[in-house]
Amino acid sequence: MLFLLSILSLLTCQAALSPVPPDQIFQYIDDHQDEFVQRLKEWVAIESDSSDPTKRGLVDNMMQITKDFILKIGGTVEMAELGEQELSSGKKIPLPPVILAEIGNDTKKPTVCFYGHMDVQPAKKSDGWATEPYTLIEKDGNLYGRGASDDKGQVLALLNAVESVNVIGLPVNVKLVIEGMEEVGSNGLDKIVEEQKDGFFSNVDYIVVTDTPWLSKKPGITYGARGNCYFFIEVEGARRDLHSGGFGGAVYEAMSDLIFLLDTLIDSKGKILIPGIYDDVRSVTEEEKELYKDLEFNLDELQADTGAKRFLYDTKEGLLMHRWRYPSLSIHGIEGAFSGSGTKTVIPAKVIGKFSIRQVPNMDPSIVEKQVTDYLEHKFSERNSPNKIKVTMIIGAKPWLSDMNEPQYLAARKAVTRVFNVNADMIRAGGTIPIAKNFEEVLGKRVMLLGIGGPDDSTHGQNEKISKYNYIEGTKLYAAFLQELASV
Ligand code: MN
Ligand code: MN
């Protein structure tokens, strides 16, 4: 007992120094890893699928369990109510509350707010899973289960880290925003962020999103994401679908017009043909080029994984820059076109082509909208078809780019080096992360994405997993980050 007390006092004494060497904490994490895996097992077991209204009770249940856990590790929790969701049937069901939690509130310490989510994508064994999706199975160093990586495993690693560091005292105040509707578009979260701007968020210094993968087995820190402008082009021809035997050769066909228009958007090398679209794209700096050199990324592995015959770029830098920091245009589908099996001989009356442009700093969705609309209308007028077109931008989500010289980035880089003995990969997301942009715009605080997922975790897919290595070493990463943040 006396021995224990003296160890404790030694630890407490060291806690007063800043930063505390994390070794005892790393040891603590190693010693508790079975318990951490067991926790994840309990969380994965709850089918908190936010897309299915009949499972809403399970999402609520998951939020409650998360709340209880935060209370257990010494936090305070407020459940912020979001009101109701109206289903397409007209029926209304309650939205799950958002957890706003706090662990420590010493005004002398910086405050870091983490964001994550407890809902998951749907999963059924019959989708092609090798094991039951809601039973966490450890196999070959991986922990398989829906939500193991996205995002229960990542949030839990953070909470495990908070608990572990708190054994000797947290050097920073921790806040948590945890929601239950992320997978279906974060319904109501914007409202809470806006409402709590001068409340819960008023003393927040840093915002960190714990819901992101690395580029490889090497830890990555995400500092940017592309935006998304999603367009519909509607082409309207005859009043009704026509028989190609009766009318083929006699009418201007909506589908031919649409195919023509879609084909004017992009060339075979991936270059977007819309005039002016590249005008506002930031040029690449030498400093930025340097970042790409050390990235651990293998084109052959990606090719094997995707089955793509050949990529548009054959260097790591070329490919990643075009995924992350240049705009891209993808054609997604045609509504109203015949797409069944067999040989229906129809001339569709009205078709809607769907495509999107992933855009980057400093592009502006409203300018993109005008460029796209003007171009398509111009191209269509050249065709001299009597059909009608309508171009609509359905989504206009802005890109996000942070400043990696901000203190939380420096702390995260130091933490990566401390835990993994490598320099972190500084990466971007090719997809869109509205939450990052939204936090920055509403709160005026810089956001960082510090996740611990692996690149091959199959989030949203069958056999989702997190490697035990990422989960446990990721817990250490969050622990080291909390400590480094106190001294940057
Ligand atoms: Mn997620
Ligand atoms: Mn997800």
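The manganese ion (ligand 2) and the manganese ion (ligand 1) sit 3.4 Å from each other, with Asp150 coordinating both. Asp150 lies in the loop between strand S7 (142-144) and H5, while Glu183 is in the loop between strand S8 (173-179) and helix H6 (189-195), so this pair ties together parts that are 33 residues apart in sequence. Helices here are DSSP runs of H or I with at least four residues, strands are E runs of at least two, and both are numbered from the N terminus.

Before going on, note that this is a predicted model, where local features need pLDDT of at least 70, side-chain atom pairs count only at pLDDT 80 or more, and totals for chains, interfaces and linings use all residues. Residues are numbered from 1 along each chain as its sequence is written, chains are lettered from A and ligands numbered from 1 in the order in which they are written, and side-chain values use heavy atoms, leaving out hydrogens and water.

## Who holds which ion

Let's take ligand 2. The protein donors of this manganese ion are Asp150 (OD), Glu183 (OE), Glu183 (OE) and His460 (NE2), lying 2.1 to 2.5 Å from it. Donors are N, O and S atoms within 2.8 Å of the metal (3.2 Å for Na, K and Ca), and with water not among the atoms, sites may look incomplete. Along the sequence, the donor residues of ligand 2 follow the spacing D-x32-E-x276-H. Asp150 and Glu183 are both buried, meaning under 20% relative accessible area, with exposed being over 50% and partly exposed in between (1.4 Å probe, protein chains only).

Now for the manganese ion (ligand 1): His117 (NE2), Asp150 (OD), Asp211 (OD) and Asp211 (OD) coordinate it at 2.1 to 2.4 Å. The spacing of its donor residues reads H-x32-D-x60-D. His117 belongs to strand S5 (residues 111-117) and Asp211 to the loop between strand S9 (206-209) and strand S10 (220-225), so the pair links distant parts of the chain, 94 residues apart. His117 and Asp211 are buried too.

## Helix H5 and its partners

The axes of helix H5 (residues 152-166) and helix H15 (residues 468-485) come within 8 Å and cross at roughly 55°. That angle makes H5 oblique to H15. Axes are lines fitted to C-alpha atoms, for helices over the stretch in contact, with angles from 0 to 180 degrees between N-to-C directions. Under 35 degrees counts as roughly parallel, over 145 as roughly antiparallel, 65 to 115 as roughly perpendicular, and the rest as oblique. Residues of H5 including Leu156, Ala157 and Ala161 meet H15 residues, among them Tyr471, Tyr478 and Leu482; contact means heavy atoms within 4.5 Å.

Helix H3 (residues 33-44) packs with H5 as well, at an angle of about 140° with the axes 10 Å apart. H3 is therefore oblique to H5. On the H3 side the contact includes Phe36, Leu40 and Trp43, and on the H5 side Leu156, Leu159 and Glu163 are among the residues.

Gly318 has its place in helix H11 (residues 316-324). It counts as buried because its relative accessibility is 14%. Its C-alpha atom is 9.6 Å from that of Tyr292, which is 26 residues away along the chain.

Ala337 is in the loop between strand S13 (328-335) and strand S14 (346-347), and its 18% relative accessibility means that Ala337 counts as buried. Leaving aside residues up to four places away in sequence, Ala337 touches Met255, Pro348 and Val351. Ala337 and Met255 are 82 residues apart in sequence, yet 7.6 Å apart in space, C-alpha to C-alpha.
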